[in-house]
Amino acid sequence: MDVTSAFGAALSLIFNLDPQFLQIVGLSLRVTLTAVLLAALIGLPLGALLAVTRFPGRSVIIVLVNGLMGLPPVVAGLIVFLLLSRSGPLGSLGWLFTPTAMVIAQTLLVLPIIIALTRGTIEDLWSEYREHLTSLGLTGWRAVPTLLWDGRFALATGLLAGFGRASAEVGAVLIVGGNIAAYTRTMTTSIALETSKGDLPLALGLGLVLITLTVAINAAAYGASRIGARFAG
Amino acid sequence: MRDNASILPLDVEGLRFEAGGKTLLDGVSFSLPKGGVTAVIGPNGAGKSLTLRICHKLIMPSAGRVRWAAEPGRKRHAMVFQRPVMLRRSVIANLRHALVAYGTPDPATRAQTALARFGLLALAERPARLLSGGEQQRLAIARAWALEPELMFLDEPSSQLDPGATRQIEEIIRGLAAEGMTILMTTHDLGQARRLSQRVLFLNKGRLVEDAETTRFFAEPSSSEARAFLAGDLLW
């Protein structure tokens, strides 16, 4: 099949709302959004706390977290695989090759990004707010809710960056999900598989959806920073 | 009730502050009774802002004591900074945030009262950071006032403002003092110290050189340092 007709077939998959196609897109979004949500729940407070507290070993943690931002997805996949494999410490849970395992692996990938970006954002905000908040008795963890709220637009950009990384990665979900049709097959793992099989329409269609998502994420990030600027002055 | 006991007089004894091998404050002692405006003046780096920050418990002194006549559960002194810190929220939300943090009862009503008292009602929903410098300073003072402090620390309250806004802020300070609020403020504007204060604390190189009635200080300063300062020789 040549590329032009493959492109046409891809569009028809999208616009005819092909069930298999929708299932793949739906699973991908569900896994990635859950991972980003979990990483945000853990990473936002942790990153903010890291920004407002001083303790021995803090620099080591910051360097480590920054380094983990570049954690290769296959390595994250491998770590979760080892944890969840039958002989691993969490093997009894039976989560390997399930969407749950994929969520865990992607959470691991997104978490360092959210912690690092939150720390940076909140540290700047804290240096500006410190005296006022200290004057009000809001120090340490008690300053965190104020800082997270006031940094919300900048932090949204961090969450979107995390979403971008998770939705684009293929290595981690492939290793811990197993790319099982109609169960753990995501957009990225399908594209890898269908391209090697020569089924270009499905791969192209999913590719188009992924690109659209990426553009939409960037538009949202830009919008968030614009709205933020209105409040920040 | 113990909570109603006045926190004043404030007794500051032998404050000393060192940082990076330098002594920034050395043996500063004074007592601040209830009422009136006291101006802390002196050249740059004399330790004016530092003294206020230590009194307001933002910074721990290296030595010396800050003693209040009473220590109620809720802090009853507030501070307005040279560059007002405006949260990225609306004017009214800035007030509410401070009130909730202080544990003031009925923050919503109190915030409205503060808006009305300082002529900010029309600006209530505006993002605080988009206000003019004078409006921001007014909001910062309103926010501190809303916390019902007995003593307000003002750090260079008009150093960033144009003459019109400065006059407005001075009017506000006079009004607060007339209502019985005790004010300890730093200023590098000698005219302002003369216009507003009844008492002057003159600091130089971290030491309290003179503690005098304002009129007497400006008419006949007793130290050569103060004379040089008033003559415009900045004592570096």
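The model is predicted, so local features need pLDDT of at least 70 and side-chain atom pairs count only at pLDDT 80 or more, while totals for chains, interfaces and linings use all residues. Residues are numbered from 1 along each chain as its sequence is written, with chains lettered from A and ligands numbered from 1 in the order in which they are written.

**Chain A as a whole**

- Chain A has 10 helices and 0 strands, where helices (H or I, at least four residues) and strands (E, at least two) are DSSP runs numbered from the N terminus.
- Going along the sequence, the pattern of chain A reads α-α-α-α-α-α-α-α-α-α.
- The C-alpha trace of chain A spans about 70 × 50 × 25 Å along its principal axes.
- Chain A has 233 residues, and 40% of them count as buried; buried means that 20 or more other C-beta atoms lie within 10 Å of a residue's own, exposed means 12 or fewer, and partly exposed is in between, with C-beta atoms placed from the backbone.
- Take the contacts in chain A between residues at least 6 apart in sequence: 78% of these join residues at least 24 apart. Two residues are in contact if their C-beta atoms, placed from the backbone, lie within 7 Å.

**Where the chains meet**

- Chain A brings 15 residues to the contact, and chain B brings 16 residues.
- On the side of chain B that touches chain A, helix α2 (residues 91-102) of chain B gives the most, with 4 residues.
- That side of chain B has 10 nonpolar, 2 polar and 4 charged residues. Here Ala, Val, Leu, Ile, Met, Phe, Trp, Tyr, Cys and Pro count as nonpolar, Asp, Glu, Lys and Arg as charged, and the others, Gly among them, as polar.

**Backbone spots to look for**

- In chain B, Leu8(B) and Pro9(B) are joined by a cis peptide bond, with omega about 0 degrees. You will find Pro9(B) in the segment before β1 (10-19) of chain B.
- Leu17(A) is not a glycine, yet its phi is positive, at about 50 degrees. Leu17(A) sits in the loop between α1 (3-15) and α2 (19-52) of chain A, and it is exposed, with 8 other C-beta atoms within 10 Å.
- Lys57(B), also a residue other than glycine, has a positive phi near 65 degrees. Its place is the loop between α1 (48-55) and β4 (63-68) of chain B. Lys57(B) is partly exposed, as 14 other C-beta atoms lie within 10 Å.
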